[in-house]
Amino acid sequence: EESPKATQSARTSITKSDNQSLTTTALLRKRFKKAGRTMSLNFNQTYNNREADGFLLSDNRYFNPDSTVKSRDSSNQGKGSNGNALTLAGKVVFTEAISKSFFVEANYSIASSDSRTERITLGNVNGKYEDYVDSLSTDYEFDVLTNRGGLSFRLNKKKYNLSVGSDISNSNFRQKDLLQDTVLDYDYVNLFPRANFQYIMG
């Protein structure tokens, strides 16, 4: 025997969105007169923007054990969302030859990421979507700033290659709730040691 159903829901969602994006990349490399001395500059920029509007219609029914309707609720909401993000990043790398087989490389990079996401829910009142629903609406800004630097050493021999080095980075995160007017700040420091050995056969 089939068990009586407890709930029944009908839901319709309609969304129209518009997306935009832009990416820029630039790379500059320089070789100096001294053998083994090089420098490179790299820049990246990415921008994304998304706007969306729509509606949510739902009808929910709750049943008694004898399958009669116990209660019913419905919603008719307007939905809107706006999101954008901008990322800027730059990196410089400098290489110096100490000898014909021994090289030192120093690098530094900085990256900034700023984004905002807003979601709005409006209830229907007298045929108009104008009742702002606090519990279903959010508006956040999220920013990240990262500084990273490193140093590495490379030895190139006929029979083997050896490299060792490390990067260290500091990232600052800042999250702001624009509706509640609250700010959360926190930082992370990370270390990225690395080593590589390659033996050439033959």
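Which residue in S5 is the bridge partner of Val 125? Lys 128 is that partner.

## Basis of the model

The model is predicted: local features need pLDDT of at least 70, side-chain atom pairs count only at pLDDT 80 or more, and totals for chains, interfaces and linings use all residues. Residues are numbered from 1 along each chain as its sequence is written, and side-chain values use heavy atoms, with hydrogens and water left out.

## Strand pairing around S4

Strands here are DSSP runs (E, at least two residues), numbered from the N terminus. Two strands pair if DSSP finds at least two bridges between them. S4 spans residues 102–125 and runs antiparallel to S3, with 21 bridges between them. A hairpin of 4 residues connects S3 to S4. S4 also runs antiparallel to S6 (residues 138–156), through 18 bridges. In that pairing, Ala 111 faces Thr 146 of S6.

S5 (residues 128–132) is another antiparallel partner of S4, with 4 bridges. The hairpin of S4 and S5 has 2 residues between the strands. Asn 126 in this hairpin has a positive phi near 55°.

## Ser 81 in S3

Ser 81 sits in S3, residues 69–97. Its relative accessibility is 18%, so Ser 81 counts as buried (under 20% relative accessible area; exposed is over 50%, partly exposed in between; 1.4 Å probe, protein chains only).

Which residues does Ser 81 contact, leaving aside neighbours within four places in sequence? They are Arg 50, Glu 51, Ala 52, Glu 118 and Arg 119. Contact means heavy atoms within 4.5 Å. Glu 118 is also the bridge partner of Asn 82 in S4.

## Aromatic pairs

The whole structure holds 8 aromatic pairs. Rings of Phe, Tyr and Trp (its six-membered ring) pair if their centres lie within 6.5 Å; planes under 30 degrees apart count as stacked, over 60 as edge-to-face and the rest as tilted. Phe 102 and Phe 153 form a stacked pair, 6.2 Å centre to centre with 5° between the planes. This pair links distant parts of the chain, S4 and S6, 51 residues apart. Phe 102 is partly exposed at 29% relative accessibility. Phe 153 is partly exposed too, at 33%.

Ring pairs also join Phe 142, Phe 173, Tyr 186 and Tyr 188 into a cluster.

## Charges over rings

A charge sits over a ring if NZ of Lys or CZ of Arg is within 6 Å of the ring centre and within 35 degrees of the ring normal. Lys 30 lies over the face of Phe 32, 5.9 Å from the ring centre. Arg 148 lies over the face of Phe 192, at 4.0 Å.
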